[in-house]
Amino acid sequence: MPSVLVADAEVHYSVDGSGPGLMLVHGTASSGETNFGHLVDRFAADRTVVMPDYSGSGETTDGGGDLTVEGLADQVAGAARAAVTGPVDVLGFSLGAVVAAATAAREPGLVGRLVLLAGWPHGDDARHRLTFGLWRDVLRADPDLFARLALHQALSPSYLSALGDEGVAFALGAVQGGPGVARQVDLDLRADLTALLPSITAPTLVIGLTRDQIVPVERARLLHEAIPGSRYAELDSGHLALFERPDELVDLVRGFLR
């Protein structure tokens, strides 16, 4: 896997396909592969798909300090410039949507079109603080227990039940834990895009998820309202629409990017 040095971080990323660049930016406790690996082929036929692992995930390493939205945005921008010539479109999921939005605000010449899935504008919300504060405390106490909690919240009840015990056990294996994820959860609590969102000039699609228990759909609506000229869509899904509604999601994203 190639890498690029950004500040004190060696940022690893994967590259697939050919054509205009498309960055896929993962969420908390995940990586590019665990969030998007099953969707890469659907984009790579006519896109150069780049999946960076920002600090706390995958093989990426850094100095271990507190994460910032700006620092992770710089990592995404660094991977984009290392992998692709010219502007890139960006799809960010969850914390990756927050980072993608910051990247677009800070790098207007780099980001062509922007898709924000299950993102939020700031942490000034009691339920948000309760959710990610619980994640932080459970992760400190027991990473395995954190994985169970995160999966329970990330999938809608009907989808989770349909997985069965073996499917649940397999899905739990994809949830990352450890010090890197703890740093990401801390950023989930602190991230604030209020000052950056009005600066986004890239055509933007915000996607909310009607059954999302981690980032309630109202939070995505607030994100949409804060980005000038953005479009908005909703999917009937829990937080992990990447798995619950992959066909609808890919069609929605591809239609907007075209």
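1. Let's start with H128: this histidine is buried, at a relative accessible area of 5%. Buried here means under 20% relative accessible area, exposed over 50%, and partly exposed in between, with a 1.4 Å probe and protein chains only. H128 sits in helix 5, residues 126-141; helices (H or I, at least four residues) and strands (E, at least two) are DSSP runs, numbered from the N terminus. Beyond residues up to four places away in sequence, H128 touches W120, G123, D188, L189 and R219, where contact means heavy atoms within 4.5 Å.

2. A word on provenance before going on: this is a predicted model, in which local features need pLDDT of at least 70 and side-chain atom pairs count only at pLDDT 80 or more, while totals for chains, interfaces and linings use all residues. Residues are numbered from 1 along each chain as its sequence is written, and side-chain values use heavy atoms, with hydrogens and water left out.

3. Now the overall picture. The chain's secondary structure comes to eleven helices and eight strands. Its radius of gyration is 17 Å, close to the 18 Å that the globule rule gives for 258 residues, so the chain is as compact as a globular protein of that length. That radius is taken over C-alpha atoms, and the rule is 2.2 Å times the number of residues to the power 0.38. Along the principal axes, the C-alpha atoms fill a box of roughly 45 × 40 × 35 Å.

4. How much of the chain is buried? Of the 258 residues, 55% count as buried. Among contacts with a separation of 6 or more, 78% come from residues 24 or more positions apart. The accessible surface is about 10,500 Å², and 52% of it belongs to carbon and sulfur atoms; these areas come from the Shrake-Rupley method with a 1.4 Å probe, and for residues only the protein chains shown count as cover.

5. On charges, there are 19 positive and 33 negative side chains, and the centres of the two sets lie 5 Å apart. Lys and Arg count as positive and Asp and Glu as negative, leaving out His and the chain ends. Each charge is placed at NZ of Lys, CZ of Arg, CG of Asp or CD of Glu.

6. The largest nonpolar core has 90 residues, and L114, L116, L117, L193 and I207 have the most contacts inside it. Such a core is a set of buried Ala, Val, Leu, Ile, Met, Phe, Trp, Tyr and Cys residues joined through side-chain atoms within 4.5 Å. Helix 4 (residues 95-106) gives the largest share of this core, nine residues. Setting aside neighbours within four places in sequence, I207 has contacts that include V115, L116, L117, A118, L235 and V253.

7. Most residues other than glycine have a negative phi. A29, however, has a phi near 60°, a positive value; A29 lies in the loop between strand 3 (21-25) and helix 1 (32-36) and is buried, with a relative accessible area of 5%. S94 also has a positive phi near 60°. The place of S94 is the loop between strand 5 (88-93) and helix 4, and S94 is buried at 6% relative accessibility.

8. F43 and G17 can be read together. F43 belongs to helix 2, residues 40-44, and is buried at 2% relative accessibility. G17 is in strand 2, residues 9-17, and is partly exposed at 47%. Leaving out neighbours within four places, F43 is in contact with L22, V49, V250, V253 and R254, and G17 with A44, R47 and T48.

9. Which residues does D212 touch? Not counting residues up to four places away, these are A118, S237, G238 and H239. The C-alpha atoms of D212 and A118 are separated by 8.1 Å, though the two are 94 residues apart along the chain. D212 is found in the loop between strand 7 (204-209) and helix 9 (217-226), and is buried with a relative accessible area of 7%.

10. Last, P228 lies in the loop between helix 9 and strand 8 (231-235) and is partly exposed at 49% relative accessibility. P228 and P246 are 18 residues apart in sequence and 27 Å apart in space, C-alpha to C-alpha. Apart from neighbours within four places, P228 is in contact with L197, P198 and I200.
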